[in-house]
Amino acid sequence: VDLSVSWLGVNMENPLYNASGVMCRSREELDAVAASAAGAVVTKSCTLSPREGNPEPRYARAPHGSINSMGLPNAGYEYYLDYAKNYDHASGKPLFVSVSGMTLEENLTMLKAFRDADLPCLVELNLSCPNLPGKAQIGYDFAASSHVLSEVVKVYDKPFGVKLPPYFDPVHFAEMASVLNSFPSLKYVTCINSVGNGLVIDIDSESVVIKPKAGLGGLGGDYVLPTALANVREFSRLLDGKHVIGCGGIKSGREAFMHILAGATAVQVGTCLYEEGAGCFARIRDELAAIMEEKGYRTLADFRGKLLTM
Ligand SMILES: C=Cc1c(C(=O)O)[nH]c(=O)[nH]c1=O
């Protein structure tokens, strides 16, 4: 079977890579993902200046996944720009850079810097960080999203993508798709970011499990798989000429298969990568290949987007 995928000028030997935020804050972590069986690498969302992030504990395993309120800890955009400048782009593993400025101005400054560096990496503009106290997720404000994207495309003339929060209402899918469809250079969306502001409770300690925001944090893992699949399928259906990258609940070849069946061009692994380590990529890759073998599919295109309805 052939697990390769070519899109937006990048060629991936398999459709798996890390979700932004997991194993991608330092160059050592990024190098570990690049050295693994992952087909690509994406950096931790960056801000103009380095950030410590929220007080710990700010990540916790939960019975069916994870909860996090990291608070956007990162080394600052120049660190990731430097990593991108020194990255071995000939390695065949594309590098994506996630950008998540605290303000629109910050985003524009960072995007101009990445534009001017003229690197082969692709930008994933994060419109969905749920863990900055007091800041709403841009992706839940359609007018704000449209304004941000209008300003972004004025300065960033290369193809780029956005990381979206999960939506839970067909009207919202349609509204956001309408906004996104008005930007031709916006070539892909990554669905989904964590399901924001969940609350995990430990009944033994009768306590929350993370410190920030009185225990509220973004959910990942099994909890979010059906929501992630719905967002992948709806945006695959509603967006014109754009790719959808699936993220949310992938821990084996089965969920990777589901995401691609729902329309995903490639898929990102978050919670499972955090818990298992970079060995998960080879495992999930082999499991996906076995499923394809069993079903008689030779390439991802043989089943991508072909989810049956009743
Ligand atoms: C960029 C901040 C994010 C964070 C974070 O740094 O708290 N966690 C998420 O689950 N998604 C994000 O987008």
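User: Which helix is E151 found in?

Analyst: E151 sits in helix 4, residues 142-155. Helices here are DSSP runs of H or I with at least four residues, strands are runs of E with at least two, and both are numbered from the N terminus. One heads-up: this is a predicted model, where local features need pLDDT of at least 70, side-chain atom pairs count only at pLDDT 80 or more, and totals for chains, interfaces and linings use all residues. Residues are numbered from 1 along each chain as its sequence is written, and side-chain values use heavy atoms, leaving out hydrogens and water.

User: What makes the E151 and K154 side chains a polar contact?

Analyst: Their distance is 2.8 Å. A polar contact is a pair of N or O atoms within 3.5 Å; within protein, one must be able to donate a hydrogen and the other to accept it, and residues adjacent in sequence count only if both atoms are side-chain atoms. The pair therefore falls under the cut-off.

User: Which residues does E151 touch, not counting those up to four places away in sequence?

Analyst: L104 and L108. Touching means heavy atoms within 4.5 Å. L104 is 47 residues from E151 along the chain, yet their C-alpha atoms are 8.3 Å apart.

User: Why are helix 6 and helix 7 called roughly parallel?

Analyst: Helix 6 (residues 225-238) and helix 7 (residues 253-261) pack at about 25°, with axes 9 Å apart. Angles under 35 degrees count as roughly parallel, over 145 as roughly antiparallel, 65 to 115 as roughly perpendicular and the rest as oblique. Therefore the pair is roughly parallel. The axes are lines fitted to C-alpha atoms over the stretch in contact, and angles run from 0 to 180 degrees between N-to-C directions.

User: Which residues make that contact between helix 6 and helix 7?

Analyst: Helix 6 brings L225, A228, L229 and V232, while helix 7 brings E255, M258 and H259.

User: How many residues surround the ligand, and which are closest?

Analyst: 14 residues surround the ligand, the closest being K44, N68, L72, C129 and N193. To be near, a residue needs a heavy atom within 4 Å.
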